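This report concerns a single protein model and is meant to be read alongside its sequence and coordinates. Please keep both at hand while going through the sections.

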Amino acid sequence: MRSFLPKLFSRRQVLRSLGGVASVAGAAALGLGQGSKPAPQGEAGGHSGHYMGAADPKQMGHGNNLTVGAVDHQANGFDPLRLLVDWDYGKVSTLPSGQTLREYEFVAQEKEIEIAPGVFFPAWTYNGRVPGPTIRCTEGDRIRVRFTNSSSHPHTIHFHGIHPAEMDGTPLPGNGGLVQPGQSFTYEFTAEPFGCHLYHCHSLSLKRHIHKGMYGAFVVDPKGGRPPAREFVMVMNAFDTNFDGGNEVYAVNSVAFEYARRAIPLKLGELVRIYLINVLEFDLINTFHLHANMFDYYDHGTTLEPTLRRVDTISQVQGQRGIVEFRYKFPGMYMFHPHVSEFTELGWMGHFNVVRPEDFAQALQSVGLDAAWDQKSLQGSTVPWKGGEQA
Ligand SMILES: [Cu+2]
């Protein structure tokens, strides 16, 4: 705690220099801040809310207490809205034993990414994106990841889950070891147990390698599937932009305030499932709070029954993850953010735009999404639901 005040001061200085991020407030999120257009009542009541989803940066900015302008997703190589539903099933085939084989190619690459408008971070990545690919499989599948290190530092891939020591991806003797620049290593194991897992680099210094961007989601579906739902992967991350051992910019899926600028479309009453992962370094915990609703939570996603029911806030320590499930009862725009207010002010805040089915196409269009995104958000699971209860 000794260093808390200087660190906070330093973060504020950084953000002031960005000219864009200030404190967040409910009024701001509703588009009522100074300098912005007031939100039309009808739209706040449940239509697409174009004042928030609009690409027009003039409507955002200081008055809305978000960031000014927009990140160049094309240059980044990933759009956080599309990353939400970007399941990577690998190259699929069947082994002689009948086991499903999923093959992946991972390449460690250094890449500068834009984490807030005009703020660039020299990331270390898997496949040029942060977070890395979302591996999606079913419990019992064979996973084969050929990892090539095209960067200038030694890296590994350490998967969470159950597997032999030699596939653990750490520098410990017999654990796969460091993959040196120019070298390759193939990780292969059978995916178990089902759950919401992650993978990350395990080179030393561990916190530096993780925080630089070397992590991703590893979603293992139960053999009987889960009830149909609109599914998203959300990796809660942060960036130490001045390398002082504290984070300056916080986000979900890397870009500060992106889901506030472009609200995530949901249909009224539908089941929503979020694979939520906390990869923060330097800060001990992260939290997830949903507005105007309650959710069920499955810690680590390793059970079919919720481990917490009807809560509106959960916390995750570093590396912890779980599954969040909810439905919205009323249409409208709703915030989600950590109840660690400082993180919220520094970029980790988003909106769900809950609309009636007849307004869904418009809600998609207002944030640059289409029917293909809708389909991907509904098709995540590798296996159909074989249980009794339907969504
Ligand atoms: Cu590394």
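The sections below take up the metal site, a histidine and the nonpolar cores of this predicted model.

## Copper site

The copper ion is coordinated by three residues, namely H155 through ND1, C201 through SG and H209 through ND1, at 2.0 to 2.1 Å. Along the chain, these donors follow the spacing H-x45-C-x7-H.

The pair H155 and C201 links distant parts of the chain, being 46 residues apart. H155 lies in the loop between strand 6 (142-149) and strand 7, whereas C201 lies in the loop between strand 9 (195-200) and helix 7 (206-211). Both H155 and C201 are buried.

H163 is placed in the loop that runs between strand 7 (158-159) and strand 8 (184-190). H163 counts as buried because its relative accessible area is 18%, under the 20% cut-off.

Leaving aside residues up to four places away in sequence, H163 touches D168 and F189. With D168, the side chain of H163 also forms a polar contact of 2.6 Å.

## Nonpolar cores

The largest nonpolar core has 73 residues, and those with the most contacts inside it include F232, M234, I264 and F288. Strand 11 (residues 230-239) gives the most to this core, contributing seven residues.

When residues up to four places away in sequence are not counted, F288 touches, among others, M234, I274, L276, F295, F336 and W348, and its contacts also include D312, T313 and H337. A second, separate core of 23 residues has A108, F159, A191 and F194 among its members.

Terms used: Residues are numbered from 1 along each chain as its sequence is written. This is a predicted model: local features need pLDDT of at least 70, side-chain atom pairs count only at pLDDT 80 or more; totals for chains, interfaces and linings use all residues. Side-chain values use heavy atoms; hydrogens and water are left out. A nonpolar core is a set of buried Ala, Val, Leu, Ile, Met, Phe, Trp, Tyr and Cys residues joined through side-chain atoms within 4.5 Å. Buried means under 20% relative accessible area, exposed over 50%, partly exposed in between (1.4 Å probe, protein chains only). Helices (H or I, at least four residues) and strands (E, at least two) are DSSP runs, numbered from the N terminus. Contact means heavy atoms within 4.5 Å. A polar contact is a pair of N or O atoms within 3.5 Å; within protein, one must be able to donate a hydrogen and the other to accept it, and residues adjacent in sequence count only if both atoms are side-chain atoms. Donors are N, O and S atoms within 2.8 Å of the metal (3.2 Å for Na, K and Ca); water is not among the atoms, so sites may look incomplete.
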